[in-house]
Structure formats: structure tokens, C-alpha cells
Amino acid sequence: MIELLRKRRSVRKFTDEKVSAETVEILTEAALRAPASRSLNPWEFVVVDDPQLLQKLSRAKQHGSEFVARAPLAIVVCADSTKSDVWVEDCSIAAILVQCTAVSLGLGSCWAQIRHRKHDAETSAERYVQELLGLPEEVKVECILGIGHPAERPRPLPAEKLQREKVRKNRWS
């Protein structure tokens, strides 16, 4: 696991190679195996491989989602917000498990935050995605994961760059 974490970096450039159906199945299995508070499993996933829909998803927010247009696959991580008060945390756990699984399969990925972001002056990114994908009002959108075969290989963060000062023992001070 530590080797996966060392290799996992955000990848925003992908080759044109499609992600195989078998690989998509493994990624969705990883998402569905994610732990969730009280086993309520509020998360829901929309797997997108339609190029036109990927183009539209890439415009979900004002900045930072453009890479989705170049990804052959996206997984929209969302949740039925009526099922759990910690759906955000549950979705976040599922999303990072998908990203780590992608690394283990030789794929790259990047997270596009949707919750609390703007599409434009009048519309939230979440509302845009809800309308685009036909999601019910109670299904809230956490993020879009762009996934594909990497056309870039960002270097792992060197161990000496880890922010060790963020770790304390037993007490804050």
C-alpha cells in the first residue's frame, strides 16, 4: 500500500487508449468496497465514457475540471444525502480508493472537486452536474475522477519533502 501511495500523483494528461471494461469493473468494485459510516453506503457512482458527456463534464466548474475532457473515463462520485450525515466523508474515502486502485492498475487519475464550487455566476458546479446527468435533488456530487492511461508520469514526492511538522505525538504542544 505504501508503494501505491508513493506513486499516486494527480495525472491530468491521458493517452487516447480506452480503459477496458474489465478495468472499469475493477474500479467500480473498489468503489463499492469502500467503508462507510454505520454501513449506510450513501455513495452512488456514475461511470462516464461517452466523449461528448466527458466534454460537458469538463466544463462543470470555472477552473480545474478541464482535464476531464481528455480522460477516456470519468467516475462521478455522489451520494444520497438523505441516507447519512457524513456522506461527504464516505464519498471521499470511496474516491481515494478508486484512485489508489487506478494506480495499482497502471492508470492515472485526478480529482475535480465539485461540491462547493461554481459553474458560473448563477449555477453551482453541483447543480450543473445534477442536471447534466439527471441526478435527483437529494443526490449530491462530491467530485469527478478523470481516469485513463497516463500521458505524463509526475515524479513521486520525495520523502524529504513530506511535511513532518504536521505530525505530533500525544498532544498538540
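Predicted model: local features only at pLDDT ≥ 70, side-chain atom pairs only at ≥ 80, totals over all residues.
1. Helix α5 spans residues 125-133, and its buried residues are Ala-125, Glu-126, Tyr-128, Val-129, Gln-130 and Leu-133. The elements that cover these buried residues include β1 (43-48), α3 (51-57), β2 (73-80) and β4 (139-148). Just after α5, Gly-134 adopts a positive phi of about 70°.

2. The salt bridges number seven. A network of them links Arg-127, Glu-131, Glu-137 and Lys-140.

3. Lys-140 is buried because its relative accessible area, 18%, is under the 20% limit. Arg-127 is partly exposed at 26%, and Glu-137 is partly exposed at 46%.

4. In helix α1 (residues 2-7), Arg-6 and Glu-3 lie three residues apart, about one turn of the helix. Their side chains form a salt bridge of 2.6 Å, N to O. Arg-6 is partly exposed, with 47% relative accessibility, and Glu-3 is likewise partly exposed, at 48%.

5. The largest pocket has a volume of about 240 Å³. Its lining residues include Ile-2, Arg-6, Pro-156 and Leu-162, and by class the lining comprises seven nonpolar, no polar and three charged residues.

6. The second largest pocket holds about 200 Å³ of space. Of its 13 lining residues, Lys-7, Val-103, Leu-107, Arg-153 and Pro-154 are the closest to its centre.

How values were computed
Residues numbered from 1 in each chain as written. Heavy atoms only, no water. Buried < 20%, exposed > 50% of the residue type's maximum accessible area, 1.4 Å probe, protein only. Helix = DSSP H or I, 4+ residues; strand = E, 2+ residues; numbered from the N terminus. Contact = heavy atoms within 4.5 Å. 1 Å grid on protein atoms, 1.4 Å probe; cavity = no way out; pocket = protein on both sides within 12 Å on 5 of 7 lines; lining within 4 Å. Points joined across faces, edges and corners; volume = space filled by probe spheres on them. Nonpolar A, V, L, I, M, F, W, Y, C, P; charged D, E, K, R; others polar. Salt bridge = Lys/Arg side-chain N within 4 Å of Asp/Glu carboxyl O.
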